[in-house]
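I opened my notebook to see how the parts of this model touch one another. Come along and look with me.

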Protein chains: 2
Amino acid sequence: MENYEELLGVLLEKLAPTLQNQEVKQEGEEIPVGISNRHAHLSQTAVDKLFGAGYQLTKLKDLSQPGQYACKETIIIAGPKGVIEKVRILGPVRKQSQVEILQSDSFKLGIKAPLRLSGDLSGSAGATLIGPNGSVELKEGVIVAKRHIHMLPEQAKRFGVTDGEEVTINFAGPRGGSLNQVVIRAVENSGLECHIDTEEANALGVTPNTNIVIQKN
Amino acid sequence: MENYEELLGVLLEKLAPTLQNQEVKQEGEEIPVGISNRHAHLSQTAVDKLFGAGYQLTKLKDLSQPGQYACKETIIIAGPKGVIEKVRILGPVRKQSQVEILQSDSFKLGIKAPLRLSGDLSGSAGATLIGPNGSVELKEGVIVAKRHIHMLPEQAKRFGVTDGEEVTINFAGPRGGSLNQVVIRAVENSGLECHIDTEEANALGVTPNTNIVIQKN
């Protein structure tokens, strides 16, 4: 009888990663999904240039991340091959302007925006921003946002993940599938939410009010 | 010793589906991926109305499906909320006009294009098509294409799949993941190719000249 148990132990140990992945797919704490369209974060210098000296952005509605909000104002983004109008500005102002576009926008503008996390802008793409008061030529700051999950450090501990770790998320439905390389962003002052862009949402048939669970790789 | 083998047999049988899925991920015959942007197939009646009586579409280049080609001509698609310009026409003409758009186009136009396979148009969305000679109001025919894999019946046999079956495909890379519900279309006169649209390609970081292997569900 001991021999059976030994064999069973060896087999289960070998198969543990596979079995664990499957279990996580079925259960776990749900995380709401937020779908991001293209948008811009501006520096006050850029706001001054685009909207006029000392201009203050107008809050339209609060976002899931504490202190972040969508603004009434929009701008035009221009590249060597095309323009995109009505790009929403998100507030408050930041130290460095950052424009998050879709992969298809990258083709339309004729620029090569890299896949990056917010804030990782060194060597990213440039573009011209156009507002009612003038334009700004960004040398860098244009990226395609890498999908990620915002959470507090104590929530990361509960989920068994760490800041910077990449996980997989799964979607059911008639256009279901999985997205890998979803980066955990576990820092203070975070609202629990998984951020994907509209192309990722459309490709997987994801609608607002969808929840996901984390699948560790 | 016999008892060990019996136990091992029971365990392996129970785990077979899981192990098989993983194996298929690693190997198998590769299938090229074709990325479709929005496009329109027109009836001759629609061509007559949009471009002039008896107008013949101009071939620009052949597509992977035998006899199919992209045309020089484009049209405008209009819905209650917006328009999309420069929508490529694919030839030859068909019995019924069919417009395949992206999910984001559906929002932009303000219509509810259902997720359908080509040709399955009953009760699908309507839109107005606009050409240099006039416009056509389609009562139905506008869909978001359901991802699919074209192959010959003998290829389906080789892949161990049947016409209409849904499979999963996987993509590696920094925006990797899986797409489920990819429909096998196994009919005569097919070119072996997996068709996804630009939103699906962008979401998974798929570029031209990518290959996939079929993962059975």
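**Entry 1**

I began with polar contacts, and I found 7 residue pairs in polar contact between domain 1 of chain A and domain 2 of chain A, both residues at pLDDT 80 or more. I kept in mind that this is a predicted model.

Which elements give two or more residues to the side of domain 1 that touches domain 2? I noted β1 (31-36), α3 and β9 of chain A. I then sorted that side of domain 1 by class and got 6 nonpolar, 7 polar and no charged residues. I also looked for salt bridges across this interface, and the rule finds 0.

**Entry 2: where the domains lie**

I looked up the bounds next: domain 1 of chain A covers 35-145 and domain 2 covers 147-217. Taken over C-alpha atoms, their centres are 23 Å apart.

I listed the contacts, and 13 residues of domain 1 of chain A meet 18 residues of domain 2 of chain A. The two domains bury about 1,300 Å² between them, with 53% of that area from carbon and sulfur atoms. On the domain 1 side, I wrote down A:Ile35, A:Gln65 and A:Leu117 as the residues that lose the most area to domain 2, together 45% of what that side buries.

**Entry 3: chain A against chain B**

How many residues of each chain are in contact? I found 34 in chain A and 34 in chain B. The chains bury about 2,600 Å² between them, 55% of it on carbon and sulfur atoms. I marked A:Tyr4, A:Arg175 and A:Asn202, which supply 24% of the area that chain A buries against chain B, more than any other three residues.

My count of salt bridges between the chains is 4. One that I looked up joins B:Arg175 to A:Glu200, with the closest N and O atoms 3.0 Å apart. I also counted 19 residue pairs in polar contact between chain A and chain B, both at pLDDT 80 or more.

Several elements of chain A give two or more residues to the side that touches chain B, including α3 (103-109), β9 (134-145) and α5 (198-203). The helix α1(A) gives the most, with 9 residues. By class, I have 15 nonpolar, 13 polar and 6 charged residues on that side of chain A.

**Entry 4: strand to strand**

Last, I followed β12(A) across to chain B. I found 3 bridges joining β12(A) to strand β12 (residues 177-186) of chain B, and the two strands run antiparallel. Which residue is the bridge partner of A:Ser178 in β12(B)? I found B:Ser178 there.

Terms used. Residues are numbered from 1 along each chain as its sequence is written. Chains are lettered from A and ligands numbered from 1 in the order in which they are written. This is a predicted model: local features need pLDDT of at least 70, side-chain atom pairs count only at pLDDT 80 or more; totals for chains, interfaces and linings use all residues. Side-chain values use heavy atoms; hydrogens and water are left out. Contact means heavy atoms within 4.5 Å. Buried area is the accessible area (1.4 Å probe) that two parts lose on being put together, summed over both. A salt bridge is a side-chain nitrogen of Lys or Arg within 4 Å of a carboxyl oxygen of Asp or Glu. A polar contact is a pair of N or O atoms within 3.5 Å; within protein, one must be able to donate a hydrogen and the other to accept it, and residues adjacent in sequence count only if both atoms are side-chain atoms. Helices (H or I, at least four residues) and strands (E, at least two) are DSSP runs, numbered from the N terminus. Ala, Val, Leu, Ile, Met, Phe, Trp, Tyr, Cys and Pro count as nonpolar, Asp, Glu, Lys and Arg as charged, and the others, Gly among them, as polar. Two strands pair if DSSP finds at least two bridges between them. Domain bounds come from an automatic or database domain assignment.
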